[in-house]
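Dear colleague,

I am handing over the structure below, followed by an account of what was found in it. Please read the account with the structure open beside you.

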Amino acid sequence: MVPFRVIWRNLFGHPVRSLLTAASLVVAMFLLCVLRSLVVTLDAGVTEARTDRLVVQSAASLFVTLPENYRGKVAAVEGVKHVCSWTWFGAYYQRRENFFAQFSTDQDTLLAMYPEMEIVAGDYERFRLNRNSCIVGEALVKSYGFKLGDKVPLIGTFIQRLDGQPWEFEVAAVYRSKAGTLDSGTLFFHHEFLKKAREEKLCTGEEGVNTYVVKVADGNDPITVASRIDSLFENGPQKVQTTTEAEFNAQFVSMIGNIPFFLSAIGSGVLFAIVMAVVNTMLMASREQTRAVGILKALGFTSTTVFLVFLLQAITLSLLGGGTGVALALATSDALRDALGTTFPNYVVSHDTVVVGLIVTVVVGLIAGLVPALKLAKLNPVNALRAEQ
Amino acid sequence: MITLRQVVKSYSRGGETLVVLDHLDLTVADGQFCALMGPSGSGKSTLLNLVGGLDHADSGVVEVGGEDLTSMSNDELAGWRASSVGFVFQGFNLIPVLTAIENVTLPLLLAPLSGKQRREHAEYALELVGLKDRMHHRPGQLSGGQEQRVAIARALVTDPQLILADEPTGDLDRNSADQVLGLMQRLNSEMKKTIVMVTHDPAAAAHAGTLVHLDKGKLVRIEQQTPVSAGAR
């Protein structure tokens, strides 16, 4: 039988040292969970991408617009259920630092295209029927305090009104994103509104749309449908490139450079430092507890039990600190998402991150405790009893 | 009960082999209170460690209670120690982070007892050594004599037939030493425990019925004597 009381009491034999080690583990595991959550959030567009959605863009570049009449042609391709255009608007709210994503889109297909979009306030139908309206994500409501009925003034950058006035969109609904494929920090408005302004020469910017998102009808192979779309425009006037949603989103992850790698590298550094700190604590503890090990052996406890006593002591210490850090990351998930604003509107500490955090915590304890535990277990009881206490 | 035949034990130090027990033969009968005496380096503590199954002999046979310790593995020896022997050390060797009753309960974790039974046994052992009222004190809150009495309670809590004591009064004042020796005499006379005690101190050895003198790893002589009563000096 493992003497659990010995494990527990040994942990607090030097309370200041144990608490300092646990505190460093709290900070390290909190940081690790936050960093991992940031990486997961960045990668969510790829990892959570749906296989039944395709994205059609110009074969030349994402920044070359596609003709308006491609919408109907793509919709007519066999295997296509819905088509929804996305066009980057690139304006800011009041001040340049208040920048968030805005897209003109097709109000009739947007909701059907994105089942992960949940309307949490207002009425999507009202948005659909009112050309001057918009829907905004929850993150924008939290960051800027937008309310239903508010008129949001947006100052254009490369699509500017020629009269020098800001664009205005009335908030008709608020959405929540239930997946990483849809950003909850975005404002959507009618593409028809933008198209009309361009036709009437009220603004700058080229005609057309940036991308058409395609929903593949049930029972159709997305790759076959993508080939059909690409073939349709093989001879122009504008060649297209159709990719899966995952491939499309991966472009953006690569555009922001090696941030996921950078964050992971920081996390690894933090982890390495904390492993060293816990190893140091356990080595000191093993020296101090050598005589106690001799006593346990003299009383009849086996080497295996002594090994477990010390290893469990290391894992318990690691879990006390690391577990608290993981719990803290989980508890502050919503507050951090609000603090990060529209930079990481979908930030969340997932259950996977919690599980990974706890596994890492246990592994840190195992690494820290393994060598001293083996050393103590192998000790001859006579030599152990001679050790300084 | 204890039989040693041609036991050899040596240690290597700085490349040299030091023979600590040199073909030693010894028998200690059941129920004896035996004091092992001799100068430093005579092999007293080594002999005690072999009889207690804490160490292996290089050669020869160590039999205790009919069990051949020399043929046992480390785990088998651990199991045998848990049930058959109680130790009392010079430095008390209590675990400092545990209270008196927790220290006394430790050996019982290896016995098939419920938590309640363990507590009852431990309280009874502490009562026997007169320390039930100090059972929630940690070793640091007890005097040397009290610590040693807790160690005796721990040694007898599993009711072993054999109790091995290595300089049990070495760190104690005369009064405390007398109390500890008196306890050991009671264990021997009333509970019929076999006691082997290593000591340098003739006053402590006077409480034993048998004196075994060792020198340079060899048995010099065995004397029988009438033990003095604790507190008689």
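The largest share of the lining of the largest cavity, four residues, is supplied by H12(A), where helices (H or I, at least four residues) and strands (E, at least two) are DSSP runs, numbered from the N terminus. Before going further, please note that this is a predicted model, in which local features need pLDDT of at least 70 and side-chain atom pairs count only at pLDDT 80 or more, while totals for chains, interfaces and linings use all residues. Residues are numbered from 1 along each chain as its sequence is written, chains are lettered from A and ligands numbered from 1 in the order in which they are written, and side-chain values use heavy atoms, with hydrogens and water left out.

**Cavities and pockets**

Rolling a probe the size of a water molecule over the atoms shows where empty space is left. The search here runs on a 1 Å grid over the protein atoms alone: a cavity is a set of points where a 1.4 Å probe fits but cannot get out, a pocket is an open set with protein on both sides within 12 Å along at least five of seven lines, and lining residues have an atom within 4 Å of a point. Grid points are joined across faces, edges and corners, and a volume is the space filled by probe spheres set on the points.

Over the whole structure, four cavities of 30 Å³ or more are found, and the largest cavity has a volume of about 70 Å³. Helix H1 (4-11), helix H11 (290-299) and helix H12 (303-331) of chain A each give at least two residues to the lining of the largest cavity; among the lining residues are A:Val6, A:Asn10, A:Ala292, A:Val293, A:Val309, A:Phe310 and A:Leu376. By class, this lining has eight nonpolar, three polar and no charged residues, where Ala, Val, Leu, Ile, Met, Phe, Trp, Tyr, Cys and Pro count as nonpolar, Asp, Glu, Lys and Arg as charged, and the others, Gly among them, as polar.

The second largest pocket has a volume of about 750 Å³, and of the 31 residues that line this pocket, A:Arg386, B:Ser45, B:Thr46, B:Asn49 and B:Asp166 lie nearest its centre. Two or more lining residues come from each of helix H15 (381-386) of chain A and, in chain B, strand E1 (2-13), strand E2 (16-28), helix H1 (44-51), strand E6 (85-88) and strand E7 (162-166). H1(B) gives the largest share of the lining of the second largest pocket, five residues, and by class that lining has 13 nonpolar, eleven polar and seven charged residues.

**Salt bridges**

With a salt bridge taken as a side-chain nitrogen of Lys or Arg within 4 Å of a carboxyl oxygen of Asp or Glu, the count over all chains comes to 27. One of them joins the side chains of A:Asp108 and A:Arg128 at 2.9 Å, N to O. Because A:Asp108 lies in the loop between strand E4 (101-105) and helix H4 (110-113) of chain A and A:Arg128 in helix H5 (residues 124-129) of chain A, the pair ties together parts that are 20 residues apart in sequence.

In chain B, B:Glu120 forms a salt bridge with B:Lys116, with the closest N and O atoms 3.3 Å apart; both residues lie in helix H4 (residues 115-128) of chain B, four residues apart, about one turn of the helix. B:Glu120 is partly exposed at a relative accessible area of 42%, whereas B:Lys116 is exposed at 62% (buried means under 20% relative accessible area, exposed over 50%, partly exposed in between, with a 1.4 Å probe and protein chains only). Elsewhere, A:Arg53, A:Glu116 and A:Glu245 are linked in a network of salt bridges.

A:Thr243, in strand E11 (residues 240-244) of chain A, counts as buried at 9% relative accessibility. Not counting residues up to four places away in sequence, A:Thr243 touches A:Leu54, A:Val55 and A:Phe248, where contact means heavy atoms within 4.5 Å. A:Glu68, in the loop between strand E1 (53-58) and helix H3 (70-75) of chain A, is also buried, at 18% relative accessibility.

Finally, chain B has seven helices and ten strands, and buried residues make up 55% of its 233 residues.

With best regards
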